[in-house]
Amino acid sequence: MNISTEKLELMERISAHLDPHLKEGRTYHQEFYKSQYGSSGGGVFMMYEGKSYNSWRAKQNPDPITEGLEALEDVMDNMRGDLSISDLYRGLPANTKIRLTYTKGQPMEMLIMDVEHLLADLKKEIRENAVKYANDNPEFIKSEAIMRFEKQADELGIYTDETVVLSTRTTSGSSPADADLIKCLYKALGGNVEKLYYKLEGDTFTIQSQPAFEQYGIAKLEAANENIALEAEYKKRMDAQAEAIRIRTEFYKTLGTVLPVPIYLSVGGFRSHSWPEGSHYHTSEVLRVIYTKDSTIVITDGLSDVYSSERSDANLEYNGTGMEMYIEFEGHVTYEDIKDHFCTALLNSVTQIAIEHGDFKALIERNEHATIEFREDNVELWCIKGMMAASKDISTFFRHGQYAPDDFGTLLNMPSKNVPAKLKLNLEEILLVNVKPFSNEWLTSYKLRSEDEEVKKQVRIDMMAHFEATGEGNKIPLTYVDENADNTLGELFPLSDVEPREDEIDMQLIESMTKHQTLTEEAILGMLEAHAEFLEAGGDDGRFEQLHTAGVPLNIYMTQTKAGKQFKTGMRTLPKNFSFADEDLRASEFTGCMADGVDFNGADLTGSLFTNGFFRGANFEDANLTNVDFTGSDLTGANFRDTDLTGADFEITNCTGADFTGANTTDATFKGANVKDVKY
């Protein structure tokens, strides 16, 4: 092995630094596994008279032999900078095992393990792992395993059956003796191993593979060794798992053309619930892509796996979570477009929520359908293995107004014309649950947030009826975003592209009420004088509580100020020739007011309420409208030139033909507003 001059110099520094902490007659080692994303291992152990001792044993059973071992490990853990041990193996390929050796008075050694060393290490690990967690000090008799390898995105999946025979018991499981070591051996053999078999009986070690590697003493895998003897209960569980997979695989083929390459999910981030099989050695979380005659289905393949843990299903009653979940695209979508699609990541997040729930199948069966609300940042985008970037975000699927600021949701279990509602597996009948994203209009305009389940159920029925009526059904398009559309208005008037919600206020009633009540100029002047006194006493420190009854607004201003009186027009008409130019009208209320053509030029209206009123052709030029609420008002033809609209709310207003030239709309929102023919 050729070691660079820089690494040799580093080894000299490390040797000199550690030598005072080493004991005569002892040989110390560290072993590291270099992986694709970093390294693992590094715990120090020592050999003495043919036996291995580590720092954990030194802590549990202190004796003269292990004296100083804990302290040595502390010294190694604190080595940084020009003594960093990791610099010795940085740059080595993934799945490489390194052993460092330290002996007092001698230079340290570094061994990059080849096949011969790895096989010797494997033999040692098989024996040690077999008895590692045994408390009854059993005698090791035999360990036998058969492994199958599968490349899964940028990782190696290892599927294992292993049986360990000790003097006190026989156990079977799906864990290889040392998965990291097996991966290193796989790489050292050229990365083209299909299957690997080993048996350690007493001290006799047999190893075979497909294909064979005779140069290393690895014979061709014998057919008799492809299926080893397994403990009865473990075999029963594995047989049930294989049958569930067989039935599900055959069923998926009946839906259409199943692509041979699946999408492998990476469980992690802010949700990290493993699917029922839950293997640490291969990816259990998989999506399949299926082309039907008129759609593309992306469906989970493993939520109905048999639980690998007896603690989750001791009596083998359940096919995992009892369901598989899917999204269905309209038409045929390429694998590349699906893999990093926002809705693929969304499907993963839905499965995580379902697993966390604990009995999602029962919830669906009880309610027939369900909805889940999501925030924009509540979908884990780093969830696809083999990708060097996150999945596409929500802005590539929904238009901005369809998900902000009131989020979006998913409707679960809407019927599909291509996928049946249920599938009979070997242990139970499972549900096939469709996942359909929906925009925020259903959250703001309907009662999905009601605590009454019957109310929510009716909304879900209405949603499905709407989707069927539009011809969309349970399917989704590749995107709702029109890349060729002019989004200038949407950018200048945020959320104006949102479908307007239904207003609880009866504007026709208000208009008829205001027409017959007009404020005189004398009354207005008196109100302005009282409002000035109100502001002088600190009246602008309060807040509005907006209420309504029988379609009419009924607002309350919460303040401790007693002096003066807040300017409040009520549902009355203002004379068109009256001017509020340059007036200080902070925290005033014009709700339900008829003020067509009225002049507010240069006025300070900060924090005022202008909801459900009529301000057609009104002049707000140069006014301060910071945090003013215009919700529901008619602002047709109004002049907002050079106004400060910071934080103003124009929800469901009619701004047709209004002039916003030069206006500051920072943090202003126009949710569901009509901005037809506006000037800007």
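View 1. A pocket here is an open set of points on a 1 Å grid over the protein atoms alone, where a 1.4 Å probe fits and protein lies on both sides within 12 Å along at least five of seven lines; its lining residues have an atom within 4 Å of a point. This is a predicted model, so to speak of local features takes pLDDT of at least 70 and side-chain atom pairs count only at pLDDT 80 or more, while totals for chains, interfaces and linings use all residues. Residues are numbered from 1 along each chain as its sequence is written, and side-chain values use heavy atoms, leaving out hydrogens and water. The second largest pocket has 30 lining residues, with Ser52, Asn54, Glu125, Glu128 and Lys132 nearest its centre.

**View 2. What lines the second largest pocket.** Look for β2 (39-48) and α4 (115-131), which are among the elements that supply at least two lining residues each. β2 gives the most, 7 residues. Sorted by class, the lining has 7 nonpolar, 10 polar and 13 charged residues. Charged means Asp, Glu, Lys and Arg; nonpolar means Ala, Val, Leu, Ile, Met, Phe, Trp, Tyr, Cys and Pro; the others, Gly among them, are polar.

**View 3. Where α4 meets α5.** Now for α5, residues 179-188: α4 packs with this helix at about 155 degrees, and their axes are 10 Å apart. The two are therefore roughly antiparallel (angles over 145 degrees count as that). In the contact (heavy atoms within 4.5 Å), α4 brings residues including Leu118, Leu122 and Glu125, and α5 brings residues including Leu181 and Leu185. That contact has 9 nonpolar, no polar and 2 charged residues.

Conventions: Helix = DSSP H or I, 4+ residues; strand = E, 2+ residues; numbered from the N terminus. Axes fitted to C-alpha atoms, helices over the stretch in contact; angles between N-to-C directions. Parallel < 35°, antiparallel > 145°, perpendicular 65-115°, else oblique.
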